[in-house]
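Thank you all for coming; I would like to walk through one structure this morning, taking the strands, the helices and then the charged side chains in turn. Please have a look at it for a moment before I go on.

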Amino acid sequence: MYQHKQYAIFIFVILGWIGAFIALAWNLIGADIPLVVFSAILVLVGFLFHGLTIKVSDKTVSWAFGPGVFGKTVSFDEIESVRAVSNSFRHGVGLRITHDGWVYSVSGFSAVELAMKDGTHYRLGTNDQEGLLAALREHIAEPEPALDAQKAAE
């Protein structure tokens, strides 16, 4: 079984930067209600998105943010292929849908793309791209190139 957690360094930096402004405002004007509510929201975002955990078991691959929220579990039977990809700035961090499919990422540009048999694509951000690919390829049979070329010729 493979399990890896990538921590959200980028999100921590942004939240720290915003937190510095909140601390300054707190010091200058005191703890008023909107400032306390905004601070609580930042703490909640930091807790929910502090990392991305990816698990590969004998029958499924699953991923989730932070304490196990906003994730998904898919069976290996549903996966057509996997490949290493590189995300760009437009893919961003967090959970979003792009023209490349669903993106789950917390930091960095390395990712693994899961192409599902129903046409859906998932990009899972990871700082252990090779390890995740190796764990997935143990369970997913990639189509043989010779058969693909033969089908294309027909």
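There is an open sheet of 5 strands here, in the order 5-8-9-7-6 and with mixed pairing, where two strands are taken to pair if DSSP finds at least two bridges between them. The helices (H or I, at least four residues) and the strands (E, at least two) are DSSP runs, numbered from the N terminus. What we are looking at is a predicted model, in which local features need a pLDDT of at least 70 and side-chain atom pairs count only at pLDDT 80 or more, while totals for chains, interfaces and linings use all residues. Residues are numbered from 1 along each chain as its sequence is written, and side-chain values use heavy atoms, with hydrogens and water left out.

Staying with the sheet, strand 5 and strand 6 are its edge strands, each pairing on one side only, and from one strand to the next the twist averages 20 degrees. Angles of this kind run from 0 to 180 degrees between N-to-C directions, and axes are lines fitted to C-alpha atoms, for helices over the stretch in contact.

Strand 7 and strand 9, by contrast, pair in the parallel sense over 3 bridges, and Val-103 stands opposite Arg-123 in strand 9. Strand 8 and strand 9 are antiparallel again, with 5 bridges between them, and in this pairing Glu-113 stands opposite Arg-123. The hairpin of strand 8 and strand 9 has 4 residues between the strands, and in it Gly-119 takes a positive phi near 95 degrees.

How enclosed is strand 9 by the rest of the structure? Of its 5 residues, 4 are buried, so strand 9 is largely enclosed; buried here means under 20% relative accessible area, exposed means over 50%, and partly exposed is in between, with a 1.4 Å probe and protein chains only.

Now to the helices. The buried residues of helix 3 are Leu-132, Leu-133, Ala-135 and Leu-136, and, seen down the helix axis, they fall within an arc of 165 degrees, so they line one face of helix 3. That arc is the one spanned by the directions from the helix axis to the C-beta atoms. What covers these residues includes strand 1, strand 2, strand 3, strand 5 and strand 8, with contact meaning heavy atoms within 4.5 Å.

Helix 1 covers residues 9–29, and at 1.5 Å a residue its 21 residues should span 30 Å, which agrees with the 30 Å between its end C-alpha atoms; the expected span is 1.5 Å times one less than the number of residues. In helix 1, Ile-11, Leu-15 and Ile-22 are buried, and these residues fall within an arc of 20 degrees, so they line one face of the helix. They pack against helix 2, residues 33–48, whereas on the other side of helix 1 Ile-9, Val-13, Trp-17, Asn-27 and Leu-28 are exposed. After helix 1 comes Gly-30, whose phi is positive, near 90 degrees.

Finally, the charged side chains. A salt bridge is counted when a side-chain nitrogen of Lys or Arg is within 4 Å of a carboxyl oxygen of Asp or Glu, and the count comes to 4 salt bridges. One of them joins Arg-90 to Asp-100, with the closest N and O atoms 3.3 Å apart. Arg-90 lies in the loop between strand 5 and strand 6, and Asp-100 in the loop between strand 6 and strand 7, so the pair ties together parts that are 10 residues apart in sequence. Arg-90 is partly exposed, with a relative accessible area of 48%, while Asp-100 is buried, at 18%.

Asp-100 also forms a salt bridge with Arg-123, at 3.8 Å between the closest N and O atoms, and this pair links distant parts of the chain, 23 residues apart. Arg-123 is buried, at 6% relative accessibility, and it forms a further salt bridge with Glu-113, the closest N and O atoms being 3.6 Å apart. Glu-113 is itself buried, with a relative accessible area of 6%. Through shared partners, salt bridges join Arg-83, Arg-90, Asp-100, Glu-113 and Arg-123 into one network.
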